[in-house]
Amino acid sequence: MGSVVLSLDAELGWGFHDLPEPPTDRVESGRRGWTAMLELLEEFDIPATWAVVGHLMLESCDGVHADHPAPDGWFDRERGEWQDREDLRFGRGLVRDLLESDVDHEFASHTFSHVLFGRPETDRELAVAELERSAAIAEEWGCSFESFIYPRNDVGHRDVLAEHGVSAYRGWTPNREGVRAVFDSMVRDRSLLVEPFVDEYGLVNVPASLFLFGFEGPARSVAESIWEDPMVALARCGIDEATTSDGTFHMWLHPNNLTTERDDRRMRAILSYLDRRRSDSDLVVETMADVARRIRCSRGVDGEPTRIDAQAKASWN
């Protein structure tokens with residue numbers, strides 16, 4: 001029997017601050033999508049791995065970050081255009097809602113300021129600073145993280161993750177995305193399942209299976225007019241395959257992908273189907289930390305994923 005994992009890259013404005021022309025609809029939808037996803041996951045009691053940009057957990061900052069070894073210009077948008085956009089730079093209330101949810105979500109790291117670890121300009125010093133700053137902020141909240149999701153899935157500096165106690169990360173998908181994913185699954189009958197494994201650094205790589213917003217724009221509208229939402233159909237295929245086969249079906253998205261009620265309906269359809277299949281089979285829904293624990297236990301290495309206790313929650317208020 002397989003399992004299903006759902007991971008989210010929770011970043012608000014930080015996911016776009018380095019882009020010359022950030023997509024307005026998604027920039028402005030981050031908070032809305034975050035709340036919508038929390039509500040949907042609570043409705044269906046589905047735990048997910050939420051990888052949070054550490055800066056969102058700060059109460060305030062001057063935008064200078066003088067002690068941070070970021071490249072020149074990295075914080076320019078925070079210091080300039082977004083200086084008065086606290087709604088894009090901070091998200092303490094949203095993080096608190098996540099950590100206080102009745103669902104046993106996993107709190108994970110998405111770096112401190114969305115630095116791309118795989119880029120040549122991201123040296124070891126910067127990677128260490130991003131990870132250590134995220135861990136320090138999490139500790140101030142009374143929590144910690146075991147899993148790490150690379151911004152834009154740009155994998156790098158895995159040795160730094162291992163040295164700082166990270167157990168798992170989301171690796172590149174072996175599957176094609178968008179229209180090609182639909183063709184591969186529906187026409188070529190290619191599996192959407194992935195096999196998590198321990199890499200050479202001792203980290204558990206939990207590869208992505210499917211980005212849930214990889215089929216958008218006019219193509220999505222045409223597909224829905226003659227068939228159904230193609231991403232819902234793909235998600236159902238992956239979930240069904242996980243009920244009868246070994247392996248993991250790992251779906252992922254950003255909260256800011258939920259820009260309209262149409263996107264909410266997509267996620268409702270996927271989560272409700274997952275809930276039904278979980279009820280009528282032995283299908284397991286896991287977080288990335290759960291997968292890492294399972295893989296390590298199978299190799300004779302024990303370890304429990306970190307959970308947030310009541311005492312820590314009390315310290316957030």
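Glycine 142 follows helix H6 and has a positive phi, near 80°. Helices (H or I, at least four residues) and strands (E, at least two) are DSSP runs, numbered from the N terminus. The model is predicted: local features need pLDDT of at least 70 and side-chain atom pairs count only at pLDDT 80 or more, while totals for chains, interfaces and linings use all residues. Residues are numbered from 1 along each chain as its sequence is written, and side-chain values use heavy atoms, with hydrogens and water left out.

H6 covers residues 124-140, which is 17 residues. The expected span of a helix is 1.5 Å times one less than its number of residues. For H6 this gives 24 Å, and the end C-alpha atoms are 24 Å apart, so the two values agree.

## Two histidines with positive phi

Most residues other than glycine have a negative phi. Histidine 65 has a positive phi, near 50°, and is not a glycine. Histidine 65 lies in the loop between strand E2 (49-52) and helix H3 (76-79). Its relative accessibility is 12%, so histidine 65 counts as buried.

Histidine 114 also is not a glycine and has a positive phi, of about 65°. The loop that holds histidine 114 runs between E3 and H6. Histidine 114 counts as buried because its relative accessibility is 1%.

Strand E9 (residues 248-253) has six of its six residues buried, so the strand is largely enclosed by the rest of the structure. In a regular strand the side chains alternate between the two faces of the sheet. In E9, Thr248, His250 and Trp252 point one way, whereas Phe249, Met251 and Leu253 point the other way, and all are buried.

Two strands pair if DSSP finds at least two bridges between them. Strand E1 (residues 3-10) runs parallel to E9 and is joined to it by six bridges; valine 5 stands opposite histidine 250 of E9. Strand E8 (residues 210-211) also pairs with E9 in the parallel sense, over two bridges. There, leucine 210 has methionine 251 of E9 as its bridge partner.

Definitions and conventions: Buried < 20%, exposed > 50% of the residue type's maximum accessible area, 1.4 Å probe, protein only.
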